[in-house]
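The sequence and structure are shown first.

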Amino acid sequence: MADTGKTRDQKLVSALTDSLLAAIIAFALFSLVLGLRTVDGATGLTLEPRPGLLLTVVAIVFFGRLALNLFVWQTQYPLTTPFAKLFNIEPFDRRDLVTLGAALVFGAVWFATGLVLGEAVYELLGIVVLLFVGLGLLRRWLVQRFPNLPYTQIFIAGGIIFALFFPIVTYALESVFRFGMPLRYWFDLSILILTYVMLGWGLNIVVGLAGLLDLGYVAFYAVGAYTFALLATQFGLGFWVCLPIAGAAAALWGIILGFPVLRLRGDYLAIVTLAFGEIIRIVLLNWTEVTGGPNGVAGIPKPTFFGLPFSPFAEGMTFSKFFGIPYDGLHALIFLYYLILILALVTNAVTLRLRRLPVGRAWEAMREDQIACRSLGINTTLTKLSAFATGAMFGGLAGAFFATRQGFVSPESFTFIESAIILAIVVLGGMGSQLGVAIAAVVMVGGFEALRHTAGLQAIFGEEFDPALYRMLLFGIAMVGIMVWRPRGLVSARAPTISLGDADRISGDLVRQGRG
Amino acid sequence: MAYFLQQLINGVTLGSIYGLIAIGYTMVYGIIGMINFAHGDIFMVGAFIALIAFLALTAIGVTAIPLALLLVLIIAIGLTAVWGWTVERVAYRPLRESFRLAPLITAIGMSIVLQNFIQIAQGARVKPLQPVVTGGYELFQQGSFTVIVSNIQILIVVTTVLVMTGFWLLISRTALGRSQRACEQDRLMAALSGVDVDRTISLTFVLGAGLAAVAGLLYLLYYGVIDFFIGFVVGIKAFTAAVFGGIGSIPGAMLGGLIIGLIETFWSAYFSIEYKDVAAFSMLAIVLIFFPTGLLGRPEVEKV
């Protein structure tokens, strides 16, 4: 759009016309569905006009588009340039430094305003801006100063060390100094994040490595959860016995479902897996004699520390008595945290090993070109089936963990939206990249959670504003936005698993995916 | 026999609605080879626009039912078409040259956005509407069972037939239809011979959304209750219909819609109503596995 031949006035006119058009379209889109609200009246539905809201939205579209036109699209010096330079290590000029400085000042002012007013939303905005610019500057400086350090490895090692020591260290600090940190909440949240990391890594085998788009992954999660729930409540089996059974059951279902459908092309496969996911959910919902129908299965036993229960009331030996420490409800949570951490790391390790085995190489080859694969004598059906079953197995293991953590399972937890969230984590993280999936899980699940706590938003949008309602909307917008902006995901460059000579890092754009 | 006939009538009515939505899937698949996952939600938005337009017209005093319905139809088609256009422009066009699964993923994102937007803007509760078109004809009686064809069923089938005929003429006789078929065969070649490909693709989405709006209005009148989630299941069934008829083929979509409507109705009538969605979904899997080209579709040649 940056045609330089136009004069200033022409640019202004074209920017205004474009913004006006956008505003008209926005008005057409929102006039009825946003401008009028259906409310239950005495004699059926009545309408409640909301002209203010409609005008606000249309004005936001108009001025937003105008600002984009004037400062980003139709100018020789787009405002976004310095931020892009931040990450591609081009030298700055004075204008860039001014813009970046202004951004830092704005971030600081927002943050300070938030602190003074006690409004979390300003603080959050300020932190986001400061972190974005600050981390960008730091990274730029590091890369220029020490160009040869293995940054990715350092980052991964740091992440793993943090994950390993986080609960122990915070728990020790808390029990010594009594800061009053909300540890129960932190541990619950990190367990949730790790569950999604594990699910993401499991689905990554199917989507990222083998290039098969699976929209029904949650079905295997459900199979694992129900297998454990039923075995534990009906037959009194323990977690460690059930864990492999749940994994095997999910893998078996993966094979049963996969066998007929794997001949299909990419997007047909996606829809059929979606249909299978829904079928399993509907069966769980209606097969009341076995699954308890909509009421689900309750009373699933909590995990024990190799036979020692975490409970102040249990008969006989308990965890706290055995180690001679006072009972604390957090012990069980810390144990669950390490359990899911180990499960997730095992998923990761198995994936990384499998990628070096013939079968893993066959997966990646199949993702790149199925016909070439077949010509080279690879049995694509078996290869696809193995990827499907392996991914399903990890889904099942995560499901068993989910069941024991919740103590309760019902079909509600296994809707299509859950599949979509896991898929979004894989896709937005950059398909096939283990690190990207982990980062995406932290950002997505953590970001969701942060949204829940921005009570300050209520001060702006009124009392009945419920941030939780907007979570899924923002989630969908993020899914579309990131896909349009960076179709290869957040971490898109990756080293090929196997290569002759030097392993060049290749851009994700060179990797063709999803032709399964 | 009487029970069977009644179910046949119900099935044809339902099938007409599915057929209208299925055309949207099949056209988009034919022209750019992607599954427009958000199409079911466009149908849902269409139903909401129809509901609100109807209430608004009643509020300003347009109470003559035929006039009100005609106006609602025009408003719903127009505004839903803008939604269809916007979705394509925002979520699919930037990814047209990207890898194959990219637009499918944005389509899933768009579907989530539309559902949650309507949930936030209009509330999560179901929206009931008083029956607008009432009455019907008793065809005949057998024992204590009376076969009834209601006016709304007649209206649905007649509207569908009229809309589809008009649409068929549009596709087969006009310049737009020709450029659409040209883009379907070879987009690059069509562009070289002067077809505005972007415009044609946009118009495809506009037409699909318009048909979905008609389906939304008919669904609203038939069931009398809608909520923000209806697009998901109805969308998948309509997609099944499109695949069944042979994806890319417009008569196939109409035929597939009828068949899926009949299967669902008879399954609910003779087997179990809880598992009617399972029947439709299994149908999808079976069709895709055993007749991937559908009833009226062309076999696709795999190229290197």
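Helix H13 (residues 330-356) of chain A contains Leu333(A). The model is predicted, and the remarks below should be read accordingly. Leu333(A) counts as buried because 21 other C-beta atoms lie within 10 Å, where the threshold for burial is 20 or more. Apart from residues up to four places away in sequence, Leu333(A) touches Arg184(A), Phe187(A) and Asp188(A).

In chain B, Phe48(B) belongs to helix H2 (residues 39-59). Is Phe48(B) buried or exposed? Phe48(B) is buried, because it has 27 C-beta neighbours inside 10 Å. Leaving out residues up to four places away in sequence, the residues that Phe48(B) touches are Val33(A), Ile118(B), Gln122(B) and Ile226(B). One of these, Ile118(B), is 70 residues from Phe48(B) along the chain, with 8.4 Å between the C-alpha atoms.

Gln6(B), in helix H1 (residues 2-32) of chain B, has 19 other C-beta atoms within 10 Å and is therefore partly exposed. The C-alpha atoms of Gln6(B) and Val147(B) are 5.5 Å apart, although 141 residues separate the two in sequence.

| Residue pair | Separation in sequence | C-alpha to C-alpha distance |
|---|---|---|
| Phe48(B) and Ile118(B) | 70 residues | 8.4 Å |
| Gln6(B) and Val147(B) | 141 residues | 5.5 Å |

## The chains

Chain A comprises 20 helices and four strands. It is divided into domain 1 (1-78), domain 2 (80-149) and domain 3 (182-452 + 480-495). The centres of domain 1 and domain 2 of chain A, taken over C-alpha atoms, are 29 Å apart. Of the 516 residues in chain A, 36% are buried. Among contacts in chain A with a separation of 6 or more, 71% are between residues 24 or more positions apart.

Chain B has eleven helices and four strands. Its radius of gyration is 19 Å, close to the 19 Å that the globule rule gives for 304 residues, so chain B is as compact as a globular protein of that length. Along the principal axes, the C-alpha atoms of chain B fill a box of roughly 65 × 50 × 40 Å. Buried residues account for 51% of the 304 residues of chain B. Of the contacts in chain B between residues at least 6 apart in sequence, 74% join residues at least 24 apart.

## The nonpolar core

The largest nonpolar core has 215 residues, and those with the most contacts inside it are Ile425(A), Ala47(B), Ile49(B), Ala50(B) and Leu284(B). Helix H8 (residues 197-223) of chain B gives the most to this core, contributing 16 residues. From chain A, domain 1 (1-78) and domain 3 (182-452 + 480-495) each provide at least three residues of this core.

Ala50(B) is in contact with Val72(B), Ala76(B), Ala213(B), Gly216(B), Leu217(B) and Leu220(B), once neighbours within four places in sequence are left aside.

## The contact between the chains

The contact takes 47 residues from chain A and 55 residues from chain B. On the side of chain B that touches chain A, at least two residues come from each of H2, helix H3 (65-92), helix H4 (102-122), strand S1 (127-128), helix H9 (230-245) and helix H11 (276-290). H4(B) supplies the largest share of this side, 15 residues. By residue class, this side of chain B divides into 42 nonpolar, eight polar and five charged residues.

## Confidence

For the complex, the predictor gives an ipTM of 0.87 and a pTM of 0.85. Chain B has a mean pLDDT of 87, with 98% of its residues at 70 or more. The mean pLDDT of chain A is 81, and 88% of its residues reach 70 or more. Within chain A, confidence is highest in helix H16 (residues 380-406), at a mean of 92, and lowest in helix H19 (residues 456-461), at 55. Residues 506-516 of chain A have a pLDDT below 50, and this stretch has 34 contacts in the model beyond near neighbours in sequence. Where pLDDT is low, predicted coordinates should not be read in detail.

Key
Residues are numbered from 1 along each chain as its sequence is written. Chains are lettered from A and ligands numbered from 1 in the order in which they are written. This is a predicted model: local features need pLDDT of at least 70, side-chain atom pairs count only at pLDDT 80 or more; totals for chains, interfaces and linings use all residues. A nonpolar core is a set of buried Ala, Val, Leu, Ile, Met, Phe, Trp, Tyr and Cys residues joined through C-beta atoms within 7 Å. A residue is buried if 20 or more other C-beta atoms lie within 10 Å of its own, exposed if 12 or fewer, and partly exposed in between; C-beta atoms are placed from the backbone. Domain bounds come from an automatic or database domain assignment. Two residues are in contact if their C-beta atoms, placed from the backbone, lie within 7 Å. Ala, Val, Leu, Ile, Met, Phe, Trp, Tyr, Cys and Pro count as nonpolar, Asp, Glu, Lys and Arg as charged, and the others, Gly among them, as polar. pLDDT is the predictor's confidence in each residue, from 0 to 100. The radius of gyration is taken over C-alpha atoms; the globule rule is 2.2 Å times the number of residues to the power 0.38.
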